[in-house]
Amino acid sequence: VAAEGDAGQFGGNQPEDNSGTLKYVVVKQAGKTLGNGDELNGISLAGVGSQTELDYIHVHENLDDGVEFFGGAVNLKHVVLTSIDDDSIDWDNGYQGKMQFVYVEQDPDSTDANRGIEADNDGSTPSKEPKSLPIISNLTIIGNNFDGEDDAEGIYLREGTGLHLYNSVITGSDEMGE
C-alpha cells in the first residue's frame, strides 16, 4: 500500500512497531497539493506501531489534513489541530490506534475545511481486514461556518470503519450544517 505524497510503500504485520518519538512538535503553515487527491498532510503516519511515542503535537494552518493515519496502531496524546484546510483527523487502511486529549478548532471563516474527522477503511474495498477501529477519549471539536458543496460534519465515518468515542464534545455555530 502507498501513502499520499510519494511516501512510498508501507505495511507489515508489526502493530507494536517502534518508529521513535515525536514530542513537543509544532507544524505550521505546511502542506501542498501534488496532484488530484494527492496532498501533503501536516503529519502522515503510515503503518506506524503502538510503541512509537507521539505526545504534545500541534498542527496549525495545514493545507490538507492535520493528521492522517494510513493503517498502523500508533497512539497520540495531547494533540491540538487548528485552522486546518481539510479534515483535521483522517484515517484509513485499518488504523487501530488510540488518541487522548485532542482539541480541534476549525477556522471560523474557512470555506475549505468541513470535517473535524473523516475516516474510512479502504474506499474501494471497505470490507478489507483489518477494519479501522480507533479509540478516542477526551476529544473536543469546534466546527466552522463551512458553506461549500458538502455539509459540515463534526465526525464523518465512511465505509469500513468504526470508532470508540469517550468523553467528547462536538460543537459549532448554527451555520455548521450538520
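Which residue in strand 9 does Thr82 stand opposite?

Tutor: Thr82 stands opposite Glu105 in strand 9. The structure is a predicted model, in which local features need pLDDT of at least 70 and side-chain atom pairs count only at pLDDT 80 or more, while totals for chains, interfaces and linings use all residues. Residues are numbered from 1 along each chain as its sequence is written, and side-chain values use heavy atoms, with hydrogens and water left out.

Strand 7 and strand 9 pair in the parallel sense over 6 bridges; two strands pair if DSSP finds at least two bridges between them. Strands (E, at least two residues) and helices (H or I, at least four residues) are DSSP runs, numbered from the N terminus. Strand 9 also pairs with strand 11, again in the parallel sense, over 7 bridges, and there Lys98 stands opposite Ile135 in strand 11. Strands of a sheet pair through backbone hydrogen bonds, either parallel or antiparallel.

An open sheet is formed by 5 strands in the order 4-6-8-10-12, with parallel pairing. Strand 4 and strand 12 (153–157) stand at its edges with a single partner strand each, so one side of each is left without a neighbour in the sheet. Within this sheet, strand 6 and strand 8 pair over 4 bridges in the parallel sense, and Phe70 stands opposite Asp92 in strand 8.

The largest nonpolar core has 26 residues, of which Leu45, Phe69, Leu76, Ile89, Trp91 and Met99 touch the most other members. Such a core is a set of buried Ala, Val, Leu, Ile, Met, Phe, Trp, Tyr and Cys residues joined through side-chain atoms within 4.5 Å; buried means under 20% relative accessible area, with a 1.4 Å probe and protein chains only. Among the strands that each supply at least two residues of this core are strand 7 (75–82), strand 9 (98–105) and strand 11 (135–142).

Leaving aside neighbours within four places in sequence, Ile89 is in contact with residues including Phe69, Met99, Val104 and Glu118, where contact means heavy atoms within 4.5 Å. Glu118 lies in strand 10 and counts as buried because its relative accessibility is 11%. Not counting residues up to four places away in sequence, Glu118 touches Asp87, Ile89, Asp90, Trp91, Tyr156 and Arg158.

As for the whole protein, there are 0 helices and 14 strands. Of its 178 residues, 42% count as buried.

Conventions:
Buried < 20%, exposed > 50% of the residue type's maximum accessible area, 1.4 Å probe, protein only.
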